[in-house]
Amino acid sequence: MRRMVPGLISLVALGLLIGAAPTSWAQDPLVEGAKKEGKLMWYTTMNIDDSQPLLNTFMKKYPFIKAELWRGSSEKVLNRIQTETRAGKFLYDVVAVNGFEAGYIKAEKLVQPYLPSSAKAYRKGFVDPEGYWVDIYDTYYVIGYNTKMVSKADAPKDWNDLLDPKWKEKFSMDPEDHAWFLALQEVWGREKAEKFGRALAAQNVLWRKGHTLIANLLAAGEFPLGLVYAHRMEELKRKGAPVEWVTTTDPIPAELHPIQIGAKAPNPNAAKLFIEFMASKEGQTIMRDLVRIPAHPEVQLPGVRPQDLRIHGVGIVPPSRANQIIKEWREIFNPSGA
């Protein structure tokens, strides 16, 4: 009997190790459900260079899922979803768009509630209190400048500095910077924001479509200043471009990018598994490595310290408010007539 004791101990130890092992896929109903579905369709605004690596990592983690994406601007994604669902087609499992378009999608009941387990770590305002969405990355609207054309000492320190006559016809913006203007209204009040907007419009803004384009033109020296994304400035700086961005503006509007599950998602378990991945520290770390600003408070992009900035988040906007701000924006700036 004594010679059998070591063997018995080994068996007991093995049993304890097995019992202490992490939950396997076979024991996870969500994973098992996703395995049976085997597919995922993601509608997103993220450019292919960023969205495809994320999707590839997800498929490597869950090789039984064949995931695809369709990429377009927020407006195009919204239009596609509306057109498809009116025809009775529900083809998307997950959708991630800007806050304005996400508001329309939620209001039209084209998504269903679901929050990932990591949502509890997120700050207030970055998770829907009704449980329909969680933020996956943020876009900071900042003043960028070409360091060969503008010194740090001469660069604007706050938004009102853009009204200096020396910046006339030297500042570029996108013709649809609605979220930025909404943030100014929410922080300053409507009257002050509109007064500033009209004064800025009188500076003969240089309208260019697309913030990536504006950042690249800024780096090339086509103009000295532009309303750009902070993460694009960081990306260009890493590549050696002569650009920098202003950290002292009050506020720094931060547009949230919510991710949601389709109301009639063909593959709901795969959709939930994807959102779990995207909102986790693992997914958010990949987002950081792609030089985007993660929403998870424990994952930060080098060069961007939210705790040191006067951030004002712009999340999902109700359609009525979105329509109002777009109307006011067009009346004040008239970008189509520029």
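These legends walk through several views of a predicted model, from the whole chain down to a single residue.

Residues are numbered from 1 along each chain as its sequence is written. Because this is a predicted model, local features need pLDDT of at least 70 and side-chain atom pairs count only at pLDDT 80 or more, while totals for chains, interfaces and linings use all residues; side-chain values use heavy atoms, with hydrogens and water left out.

View 1. Helices (H or I, at least four residues) and strands (E, at least two) are DSSP runs, numbered from the N terminus. Along the principal axes, the C-alpha atoms fill a box of roughly 95 × 50 × 30 Å. Of the 338 residues, 52% are buried; buried means under 20% relative accessible area, exposed over 50%, and partly exposed in between (1.4 Å probe, protein chains only). Among contacts (heavy atoms within 4.5 Å) between residues at least 6 apart in sequence, 76% join residues at least 24 apart.

**View 2. The largest pocket, with about 990 Å³ of space.** Ser73, Ser74, Asn98, Lys209 and Tyr229 are the closest to its centre, out of 34 lining residues. Elements giving two or more residues to the lining include H4, helix H5 (99-107), helix H6 (178-188) and helix H12 (319-333). H4 supplies the largest share, five residues. The lining has nine nonpolar, 15 polar and ten charged residues. Here Ala, Val, Leu, Ile, Met, Phe, Trp, Tyr, Cys and Pro count as nonpolar, Asp, Glu, Lys and Arg as charged, and the others, Gly among them, as polar. On a 1 Å grid over the protein atoms alone, a pocket is an open set of points with protein on both sides within 12 Å along at least five of seven lines, a cavity is a set where a 1.4 Å probe fits but cannot get out, and lining residues have an atom within 4 Å of a point. Grid points are joined across faces, edges and corners, and a volume is the space filled by probe spheres set on the points.

**View 3. Ser74 in helix H4 (residues 74-86).** Ser74 is buried, with a relative accessible area of 5%. A polar atom of the Ser74 side chain lies 2.9 Å from the backbone nitrogen of Asn98. Leaving aside residues up to four places away in sequence, Ser74 touches Thr45, Val97, Asn98 and Glu101.

**View 4. The largest cavity, with a volume of about 30 Å³.** The structure holds one cavity of 30 Å³ or more. Among the residues that line the largest cavity are Leu162, Trp167, Glu169 and Phe171. Its lining divides into five nonpolar, two polar and two charged residues.

**View 5. Helix H2 (residues 29-37) and its buried residues Leu30, Val31, Gly33 and Ala34.** They sit on the same side of H2, because they cover an arc of only 160° around the axis, taken from the directions from the helix axis to the C-beta atoms. Helix H10 (268-279) is among the elements that cover them. On the face turned away from the buried side, look for the exposed residues Pro29 and Lys36. At the start of H2, a side-chain oxygen of Asp28 reaches to within 3.0 Å of the backbone nitrogen of Leu30. After H2 comes Gly38, with a positive phi near 75°.

**View 6. Helix H8 (residues 211-220), whose buried residues include His211, Ile214 and Leu217.** Among the elements covering the buried residues of H8 are strand S5 (134-146), strand S8 (225-229) and helix H9 (230-238). Gly221 follows H8, and its phi is positive, near 90°.

Definitions and conventions. Polar contact = N/O pair within 3.5 Å; in protein donor to acceptor, adjacent residues only side chain to side chain.
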